[in-house]
Amino acid sequence: MPAVKIAIIGAGPAGLTLARILQQNSIPCTVYEAESSRNNRNQGGTLDLHPKGGQLALKEAGLLPIFHKHARPEGEASKIVKYDGSVLWDDNVMEPWRPAAEGEQERPEIDRVVLRDILIDSLDEGSLKWGKKVLGVAENEKTKGKFNVSFADGSMEQDIDLLVGADGAWSKVRPLLTSEKPFYSGITAIELWALDAEKKNPWLSQYVGQGSVFMFDEGRAIMCQRQGTGAIRTYACVRRPESWTKECGIDWTAADARERLVAEYFNDCGADLKRLILESRDEIIPRQTYMLPVGVKWASDACAGVTLLGDAAHLMTPFAGVGVNVAMADALELAKAIIARKESITAKLVSDRNNVARAIEQYEKAMFERGEQAAAKTMHGLKGHFSATGSEERAGRIKKGYNMIMAQKMEKKQKD
Ligand SMILES: Cc1cc2nc3c(=O)[nH]c(=O)nc-3n(C[C@H](O)[C@H](O)[C@H](O)COP(=O)(O)OP(=O)(O)OC[C@H]3O[C@@H](n4cnc5c(N)ncnc54)[C@H](O)[C@@H]3O)c2cc1C
């Protein structure tokens with residue numbers, strides 16, 4: 001019997017999670033990734049996995065124990081600072097207070113590269129193809145309802161029954177389903193790294209503490225995070241036009257780029273905040289942030305046999321820190337919809353394509369809702385982060401949560 005041919009484009013958290021859960025359920029699939037190896041590029045910072053998002057997907061994937069081994073619950077610590085440097089909240093000077101359900105942690109951080117390695121190592125041998133940059137996808141002219149994928153290395157994969165675009169912001173699969181394209185969010189983040197801060201810059205390491213430092217203000221923000229490697233990554237963000245990085249007059253390759261950035265956009269900030277930027281000397285990378293419209297959808301039968309996951313489906317800015325959780329929840333839900341139809345999907349797909357279509361329909365209905373909610377939350381986060389009272393509001397929300405938990409603990413103590 002011919003097995004269904006499932007191709008997943010992109011080895012990010014979404015594509016890898018989907019592949020792992022399918023393979024664990026004896027449903028073969030292949031992941032095609034543009035990068036040439038797992039060490040191809042710096043995979044960026046750390047991600048916090050939520051109990052009902054990334055953690056739930058990893059549980060289903062049988063990877064929760066290894067995740068806990070590498071996760072850093074202490075990375076949840078937040079320090080909230082006003083633009084003038086005054087500290088409004090600092091978890092680092094308090095006893096841990098965030099609750100955790102039994103056997104779970106609330107929102108522990110994990111380095112992106114570590115999460116990716118855990119997922120990659122869990123896949124069937126040979127099922128992840130590196131160096132397969134997709135150039136284009138199209139329906140097979142001879143066999144309608146099947147798809148061909150062409151790669152930059154000149155090769156082609158043909159007759160795919162289920163094509164999953166998990167290829168991030170600039171998805172090559174998306175155009176089969178919708179004409180929507182990512183647009184600039186209005187925010188540019190200057191990414192700065194102090195790679196060995198723990199050893200080389202005790203002040204920076206101590207100031208940042210176990211987790212993150214946040215400063216939110218009108219039209220600008222500083223977000224700084226300790227990595228599991230001891231590195232510190234800072235985003236100095238400004239609300240500026242898309243062309244700003246090229247037209248602002250700062251040469252991002254010059255030695256004085258940080259000094260210019262601070263002098264022109266953060267000069268009135270507290271000395272500690274300025275040091276975060278000035279002392280992150282190892283790398284500086286300007287990044288414009290992009291998003292898809294909130295609530296982007298397409299008809300489920302727009303192109304039967306094709307669907308999208310994660311950023312490919314609902315790209316959002318990082319200002320609510322939910323993107324990876326939604327991406328992994330997508331992967332879990334699509335896997336479940338396929339597994340529920342496993343018998344017919346794996347046995348006789350050619351004559352029963354409806355099962356693939358029904359699995360996609362079931363998945364997309366919930367995914368559109370989940371994506372819209374997360375994107376709306378992210379838009380709210382973007383507005384809040386870049387408003388004059390952003391720091392006070394964030395600190396206020398944490399305080400409220402803290403007071404509530406303390407009151408619950410007190411009540412429980414009195415009852416006991
Ligand atoms: C600066 C920044 C900080 C963030 N911080 C957080 C955070 O703290 N918490 C959080 O939840 N989310 C965060 N996010 C969002 C999060 O990173 C994404 O939502 C998440 O990575 C989406 O996963 P994905 O698998 O859908 O896509 P991606 O992680 O983008 O993975 C896509 C994969 O597809 C590959 N690919 C792309 N094009 C092709 C092609 N043509 N052919 C083959 N392969 C291709 C890529 O190389 C990549 O491996 C952040 C995002 C950014 C930009």
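Visitor: Which residue in β17 stands opposite Leu163?
Guide: This is a predicted model: local features need pLDDT of at least 70, side-chain atom pairs count only at pLDDT 80 or more, and totals for chains, interfaces and linings use all residues. Residues are numbered from 1 along each chain as its sequence is written, and side-chain values use heavy atoms, leaving out hydrogens and water. Strands (E, at least two residues) and helices (H or I, at least four) are DSSP runs, numbered from the N terminus. In strand β17, the residue opposite Leu163 is Val306.

Visitor: How many bridges join β11 to β17?
Guide: Strands pair if DSSP finds at least two bridges between them. β11 and β17 (residues 306-308) run parallel. Their bridge count is three.

Visitor: Which residue stands opposite Leu163 where β11 pairs with β1?
Guide: β1 covers residues 6-9. It pairs with β11 in the parallel sense, over four bridges. Opposite Leu163 stands Ala7.

Visitor: Are the two faces of β11 buried or exposed?
Guide: Buried means under 20% relative accessible area, exposed over 50%, and partly exposed in between, with a 1.4 Å probe and protein chains only. β11 spans residues 162-165. Leu162 and Val164 lie on one side, Leu163 and Gly165 on the other. Residues on both faces are buried.

Visitor: How many residues does the largest nonpolar core have?
Guide: In soluble globular proteins, nonpolar side chains tend to be buried together. A nonpolar core is a set of buried Ala, Val, Leu, Ile, Met, Phe, Trp, Tyr and Cys residues joined through side-chain atoms within 4.5 Å. Those with the most contacts inside the largest core include Leu163, Ile8 and Leu18. The residue count of this core is 67.

Visitor: How many residues are in the second core?
Guide: The second core is separate. Among its members are Val81, Cys248, Cys269 and Ile277. Its residue count is 30.

Visitor: Which residues is Leu18 in contact with?
Guide: Contact means heavy atoms within 4.5 Å. Neighbours of Leu18 within four places in sequence are left aside. The remaining partners are Ile8, Val164, Leu309, Ala331, Leu334 and Ala335.

Visitor: How many aromatic pairs are there?
Guide: Rings of Phe, Tyr and Trp (its six-membered ring) pair if their centres lie within 6.5 Å. Planes under 30 degrees apart count as stacked, over 60 as edge-to-face, and the rest as tilted. By this rule the count is ten.

Visitor: What kind of pair do Trp244 and Tyr265 form?
Guide: Their ring centres are 5.3 Å apart and their planes stand at 85°, so the pair is edge-to-face. Trp244 is in helix α7 (residues 244-247) and Tyr265 in helix α8 (residues 257-265), so the pair ties together parts 21 residues apart in sequence. Trp244 is buried at 5% relative accessible area, and Tyr265 is buried at 16%. The kind of pair is edge-to-face.

Visitor: How many residues apart are Phe319 and Phe386?
Guide: Their ring centres lie 5.2 Å apart with planes at 85°, so this pair is edge-to-face. Phe319 is buried at 4% relative accessibility, and Phe386 is buried at 1%. Phe319 sits in the loop between α10 (310-314) and α11 (323-339), and Phe386 in the loop between α13 (354-385) and α14 (390-415). Their separation in the chain is 67 residues.

Visitor: Which lysine lies over the face of Tyr207?
Guide: A charge sits over a ring if NZ of Lys or CZ of Arg is within 6 Å of the ring centre and within 35 degrees of the ring normal. Over the face of Phe151, at 5.2 Å from the ring centre, lies Lys132. For Tyr207 the distance is 3.8 Å, and the residue is Lys79.

Visitor: Where is Ser26, whose phi is positive?
Guide: Most residues other than glycine have a negative phi, and most peptide bonds are trans. Ser26 has a phi near 60°. It is exposed, at 55% relative accessible area. Its place is the loop between α1 (13-24) and β2 (30-32).

Visitor: What is the phi of Asp159?
Guide: Asp159 lies in strand β10 (residues 156-160). It is partly exposed, at 30% relative accessible area. Asp159 is not a glycine, yet its phi is positive, at about 55°.
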